[in-house]
Amino acid sequence: MPAGQKLEDVKPHYPVLIIGAGINGCGTFRDLCLQGVNCLLIDRGDVCEGASAAPSRLIHGGIKYLETGEFRLVRESAMERNRLLRNAPHYVKPLETVLPVHSWLGSIIPSALRFLGLKAKLKDRGAAITELGLRIYDAYNRKVAALPGHRFLGARKLRKEYPAFDERIIAAGLYYEGRITHAERLGLELVMDGVEANPGSALCTYVCAAEGDTPGELRLTDQITGEARIVSADIIINAGGAWIDKVNSGLGLRTRHMGGSKGSHLIVDNPQLLQALKGRMIYFGTADGRVNLVYPFFGHVLVGSTDIPVADPDEAFCSAQEAEYLLAIVGEIFPRIKLDAAQILLSYCGVRPLPRSDGQEIGTVSRDHAIARDPIAGMKHPVLSLIGGKWTTFRAFSAQATDDVLQLLGRPRLTSTEDLPIGGGRGYPATLEAQRIWELRLTAANGVSPQRAQVLLERYGTAAEKVARFIGAEPEAMLATLPGYSSAEISYLCHEEPVRRLSDLLFRRTTMAMEGFLSPAAINEVAAIAVSRMGWSDERMRQEIAHAMAALNHRLPQCSAVH
């Protein structure tokens, strides 16, 4: 059954209430559930709808953080990256990465200044600095080994491998990071794993929290139905990301913890650029001193990202100026490959939950994590606000938050999540040969074709077995506008997962949008399937279609909006 729960079924009291179902909230929810602690997880939107749905989709050690001397963060990030490669192999994959360099000795002095905490622009990270950083990176990789060490390409080999590179690039370091194919589903699987481990816990999406009339009580309001309910908790965890101060304000607390930065990305359709990448990510410094990236993504190319201070996370979007910037920076690496706005399939923007750092250059603000404790009237324990962090380190941050909660509640930790598989990563076949054998078994048991079995394994990991049982009951009818999906698969998602809005299906339970497949016709076709499963009225279906269209237009370049 779905992990989600109706507000009317929520219990009046929980030991822990978590506000915010981004990746840190999801990770903490699972960890606490595994310790036997009943939790209620709420979000004003869907699971992983905010900044957790808008990262660069990398699971990385953060080599650039070496420049600011954040060795603890890089060490933790590298170890957590390697754990995710093992614990979530269905969604987290190795990604060979290229670091182009323009000189042999460039930026030694600026790098030293930044390492000492002084301001300095790094316009050219030379080969010597790059080699040193990669050696340190390899050392951190060895403790939880999952990826090969780095290598270096000189000018001759590099020119042969990347003839389209700018001629001023003289060498390149090659090393491995991780990429996450479907971040939103990984967050959802954490929640579903938590509810499976502890049925006394619950998830409620599209629900807001505010202080109640009585100290220690909270009023929860369903943003779709308007229904309200009073609950209490022993401990409140604020996992609202860039919205932490706004959430605290609703609880009657005045805090100034956050100082977010928006990061915008583009997904572009340019076959020439896709071919030139050779299946790798190019992670490169630009003329303005920033570090950007470009890599293959669902048959297209992902380009990112900007780093711009933003006062109100609700007002963040990918502007036309940001899109122009992102298109232009690719030309610094591939000057003969032309990108233009017509090739943009989708843009997206998220606000990084950075700690407030007034006056500091936004690119140098730490991506490390911390927990603030704010006393709240009527409650024995303070509100715990989860500040900072990034996708790669969510498990470690969640473990830290869980340990703090267990200490406050006087309860022991029962199990570690360090080596615990997530969702469809359990029992995932480790080699290509083992994957083909697994797919053939799925075909034989459920009547799906071998090609369909392969797609389902890619989408759901070993949870594909449950999906195949559902859709294999009768011949599949593939969608006219989305031939990679069937009506039975959409019905499965509605029936077995916490879906409350059409946009949940289109933007987070599936990769339709990320693959550039969404259109008004596709939205209407999926809506027609969802309406019968969800029991929506005709009016509700029209509202859901309008809401989904608005969400799609928000992700398109301004000149490409559809109606």
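In the protein chain, residues 24 or more positions apart account for 72% of the contacts with a separation of 6 or more, a contact being heavy atoms within 4.5 Å. The model is predicted: local features need pLDDT of at least 70 and side-chain atom pairs count only at pLDDT 80 or more, while totals for chains, interfaces and linings use all residues. Residues are numbered from 1 along each chain as its sequence is written, and side-chain values use heavy atoms, with hydrogens and water left out.

The protein chain holds 17 helices and 18 strands; these are DSSP runs numbered from the N terminus, with helices being H or I of at least four residues and strands E of at least two. Its radius of gyration is 23 Å, close to the 24 Å from the globule rule for 563 residues, so the chain is as compact as a globular protein of that length. The radius is taken over C-alpha atoms, and the rule is 2.2 Å times the number of residues to the power 0.38. The C-alpha trace spans about 65 × 55 × 45 Å along its principal axes.

Of the 563 residues, 58% are buried, where buried means under 20% relative accessible area, exposed over 50% and partly exposed in between, with a 1.4 Å probe and protein chains only. The accessible surface of the protein chain comes to about 22,600 Å², and carbon and sulfur atoms make up 55% of that surface; areas come from the Shrake-Rupley method with a 1.4 Å probe. There are 63 positive and 62 negative side chains, and the centres of the two sets lie 5 Å apart. Lys and Arg count as positive and Asp and Glu as negative, without His and the chain ends, and each charge is placed at NZ of Lys, CZ of Arg, CG of Asp or CD of Glu.

In soluble globular proteins, nonpolar side chains tend to be buried together. A nonpolar core is here a set of buried Ala, Val, Leu, Ile, Met, Phe, Trp, Tyr and Cys residues joined through side-chain atoms within 4.5 Å. The largest such core has 67 residues, of which Leu-502, Leu-505, Leu-506, Leu-518, Ile-523 and Val-526 touch the most other members. Helix α16 (residues 520–534) gives the most to this core, with seven residues. A second, separate core of 41 residues includes Leu-32, Cys-33, Val-191 and Phe-397.

Ile-523 is found in helix α16 and is buried, at a relative accessible area of 0%. Apart from residues up to four places away in sequence, Ile-523 touches Leu-502, Leu-506, Leu-518, Ile-545, Ala-548, Met-549 and Leu-552. Ile-63 lies 460 residues from Ile-523 along the chain, and their C-alpha atoms are separated by 40 Å.

Helix α14 (residues 487–496) is largely enclosed by the rest of the structure, because eight of its ten residues are buried. Among them are Ala-488, Glu-489 and Glu-496. The buried residues of α14 pack against α6 (183–197), α12 (450–460), α13 (464–471), α15 (502–509) and α16.

Asn-446, in helix α11 (residues 432–446), counts as buried at 12% relative accessibility. Beyond its neighbours within four places in sequence, Asn-446 is in contact with Ala-468, Arg-469 and Gly-472. Asp-245 lies in helix α7 (residues 244–250) and is buried, with a relative accessible area of 15%. Outside four places in sequence, Asp-245 is in contact with Thr-255, Arg-256, His-257, Met-258 and Arg-356.
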